[in-house]
Amino acid sequence: MNPEPKIGVYICRCGCDKEGNISATVDVEKLKEAAAAMPGVKAAEVYEFVCSNPGQQMIRDGIKQHKLNRIVVAACSPRMHLETFRRNVKQEGLNPYLLEIANIREQCSWIHEDRKLATIKAIDLVGRAVERARNLKPLEEKTVKVNRDALVIGGGIAGINASIELADKGFQVYLVEKGPSVGGHMAQLGKTFPTLDCSSCIITPKMVYVAQHPLIKILSLSEVTKVEGMPGNYKITITKRPRSVDASKCTACGECSRKCPVTVKSEFEVGMGQRKAIYQPFRQAVPSAYYIDREHCLYFTKGICKVCQKFCKASAVDFTQQEETIELNVGAIVVSTGYELLDPHYVKQYSYGLHPDIVTHLQFERLLVQGLHRPSTGEQPKKIAFILCVGSRMTQNGVGNGNGNGNGEEGDACEYCCNIGCMNAIKEAYVFQKEVPDADPWVFYTDIRAHGKGYEEFYARLRNHGVRFVRGRTAEVMPHNGSLRVRAADTLLGLPIEEDFDMVVLSAGLTPSQGTDNLARMVGIHTGSDGFFLERHHKLRPVDTQREGVYACGCALGPKDIRETITESMAAASHVASFLGKGEVAVSSEVAIIDDKKCDNCEKCITICPARAIVKTSETHVEINPMSCIGCGICVPVCPKNAIDLNHNTEAQLMGQIRGNPPKEDLSPKIVAFIEKNTAYAAADLAGQTRSQYGANVRIVSVPSVGRVGLKHMLQVFASGADGVALIEGEDSSFTGDKVREHLTRLKKELQPYGIESLRLVSTTTTIPQYPKMVETFEVFNSRLFKMGPLSPKVRSEIEKKLKEVQ
Amino acid sequence: MKANNKHAAANDRHVITAQMLDKTFLAEVMKMKGGQDVQDCIQCGVCAGSCFASWAMDFTPMQIVRMLHLGMKETVLSSSTIWVCASCYTCATRCPRGLDIPMIMSGLKNIAIKENIPAKIQIKPKFHKSFADIVQKYGRIHEPELFLKISNKTAPKTMMQDAVFGLTLLRKGKLKLKAPKVEQKAQWSSLFKNASKEGAQ
């Protein structure tokens, strides 16, 4: 099928004559001679700057003149000019994937001074590139059609705003909300810091907008139960609980609720108020319809009553509604499931639950909205202690505490900062002062973190406004003679402080929403050590998750304030739009492919894949999704049937590159370094740029991940004259340091029966600026191998024999 | 200011400078028996607020930890705090960072004795030593003997009070004049031997 490879080698001097960056150290004429003699090479040329226009023209002429179908450029790093050369050969009608670059500048001329050694190394590097080029195959850039609809999970301010942003861009949005109304925590707040806007006044218009937007469909009382398919074409199963009220008929007049005989604590009021069994969480709820809580409704528990149905003028009450299953097809998912308040029962010394006047900051918000009163007596409180960092910034709750009782459990504390506690308490202290003429608010803080726009100024204003700030985390709160005694230390003076208060407000920490873990597993994304969803990159891709086509925003990613949540929801919407906008998505061709005929469904690849790209579609069929595949190639050596191969780093290409065309007189001992093609390769480039010196006997072979290298490759390396192998992985790779070490140990064990000592293998991980560590690894390894001497010829010839048998 | 005068490490300008700080002290404290990563402390003050003996201390436990961070060895070891600590464990129970502060105090006591730093509360080292000796001897505390052993360090008035209190206890049968006995004394003394091998003073 493939025509006989005709390879052209173009060698760059990178400068004039003997002064060039490359030609100063490498004898390019000798290199040209050696290259021309390699099998399959039809043309070899040397030029000053191959990347320049005349240089590019030379390559194009070569393709025309010699009918070349493979090009090897021996020049600088592919990180520099790969795209330039690819574009160039494409102009001449050659598939861009048929071009290979031998890096003889960063990996050779810049790191060596000895002309002879550098030339030998350059010949070896070009020889490897030629062998790889011989096996290169053309690849097509593919696109996949995507569904332009989007799913937003969670109807808090993050989900609402992401939906609005997306719908305004013209995408159909499905907004899934677990509860009877959208709005989330923001609807519960009274005022917002630092501008003191009324929270419900700014969220209600947005809720109404969501409800009336023709492109947004709100699915309330719904939860996602299954996610299938692939990026761009997800199939979602949603379970919708019955509302027991026909939302299209309900006029939200509230007559049913007034007549309902059952009273329970309201979730919306966080226990600070009551609701009926048929209710609306709050007046501005969206969808604007009542809802029957079947757990408490007398009809559903005891089969009596039906008063609401009797009094409903719109005859909207429908006891026969059943649970529904809805199936949706969407292209992208936005996860905005928000947070939950940490249960302060866990921090026992604050006596939460022992006295009604000890409340959380969310309960206090509700009290402020209702008209401030002490839950115990209903009187107006005069003196309130705001206690910060309740359950936050804790690594553990001390020794000898055993399991926290109450509802909290050991491990409930959060090591992270809740981000909003300080500003929220300051705001609440301010509102308290406004409400009560002779108010006396005290704020007990660990450190005030006022890091947003206008926050520090707000804090400064309040300090001059009669709010007492005490620097010291509260030691304990005790009910005492009808009031609450707070004991703390003023750490700035080193003196204890003890004071009685009417009320105590605990700024409880923020924890991930219930079911975050479950959802992560369902959608195929990760959570971090704090339990929140993990972003793809902390700085550069803060709203992307590990899975393509799935985005997250708001407190689902970690505690944050409303302003930041809004920013993230816009960013997530924008990313969804770029992903779905064109209706099709480009798919990398450098992905793993599976041969159905060889595959025996052992599922080993499925377990090892870090991107969850491999799925079992039926009992006898395993599929690799090209959009999810990150092309790391870890699955290739794992397959016991050799059924998987990796495009553009195929077995034939890699084996060819390992074999190479060894120069007649080579250095000994020889080290082959497999380095990961992004981070570790960039580190090697940086070593070259900084002219760090390491042995000319180190030969670099770039691989997508060191996990790509298996036993077969190892044997081939040693058979082809290497005396030691280094595996170097980038630190941010999906193949983590632990995995690299595990991989190395396994390879060492597997190589032992062949007589290869485990000291001939070494591995490390590196970041780009850590390149000196990599150079040091080479040097240390080199001196070790000098002591050990080359691999004995007997062992080598035996491996060669075995390899031939295998093939 | 009063606080400044308490710092043995501060010079006559009441300024702390890097020269008077012991750089190796923090590492020493982390390595000592009962030592922990005190750098974990976020200086929140829960220990200081919780401590029921803080009125008798010259520095709060939180300040002691802060001085450990800086390396104010002399001030820490000569402070009364390490001797006043009653090891009631309220601070450790509440510490959000999981530091075992009474254990740190015991470790500091050990270092102070080893380095012959006179304690601010003179009776305390003697008390601890006598207490440990008696427990080692009998396997259980014997109050009358403890009373006699520390009597030369006790103020006459306190001694009288203690004596009267002791007589009351004796009358109610809460105190025995006869020395107590425990079984398996050999194991008991090996426990003490191991402890002193590991640096307990």
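What covers the buried residues of H6(A)?

A: In this predicted model, the cover of the buried residues of H6(A) includes both strands and helices of chain A. Among the strands are S6 (150–153), S7 (173–176), S10 (216–219) and S18 (332–335); the helices include H7 (199–212) and H15 (562–580).

The helix itself spans residues 157–168 of chain A, twelve residues in total. From its first C-alpha to its last it reaches 16 Å, close to the 16 Å expected at 1.5 Å a residue. H6(A) is mostly covered, with eleven of its twelve residues buried. The buried set includes the nonpolar residues A:Ile157, A:Ala158, A:Ile160, A:Ala162, A:Ile164, A:Leu166 and A:Ala167. A:Gly159, A:Asn161, A:Ser163 and A:Glu165 are buried as well. After the helix comes A:Gly170, whose phi is positive, near 100 degrees.

The largest nonpolar core has 149 residues, and A:Ala150, A:Val334, A:Phe386, A:Val443 and A:Val504 have the most contacts inside it. Helix H12 (residues 421–435) of chain A supplies the largest share of this core, eight residues. Leaving aside neighbours within four places in sequence, A:Val443 is in contact with A:Phe386, A:Leu388, A:Ala425, A:Ile426, A:Ala429, A:Val467, A:Phe469 and A:Val470. Another core, of 111 residues, lies apart from the largest one; among its members are A:Ile123, A:Val622, A:Leu646 and A:Val701.

Notes
Residues are numbered from 1 along each chain as its sequence is written. Chains are lettered from A and ligands numbered from 1 in the order in which they are written. This is a predicted model: local features need pLDDT of at least 70, side-chain atom pairs count only at pLDDT 80 or more; totals for chains, interfaces and linings use all residues. A nonpolar core is a set of buried Ala, Val, Leu, Ile, Met, Phe, Trp, Tyr and Cys residues joined through C-beta atoms within 7 Å. A residue is buried if 20 or more other C-beta atoms lie within 10 Å of its own, exposed if 12 or fewer, and partly exposed in between; C-beta atoms are placed from the backbone. Helices (H or I, at least four residues) and strands (E, at least two) are DSSP runs, numbered from the N terminus. Two residues are in contact if their C-beta atoms, placed from the backbone, lie within 7 Å. The expected span of a helix is 1.5 Å times one less than its number of residues.
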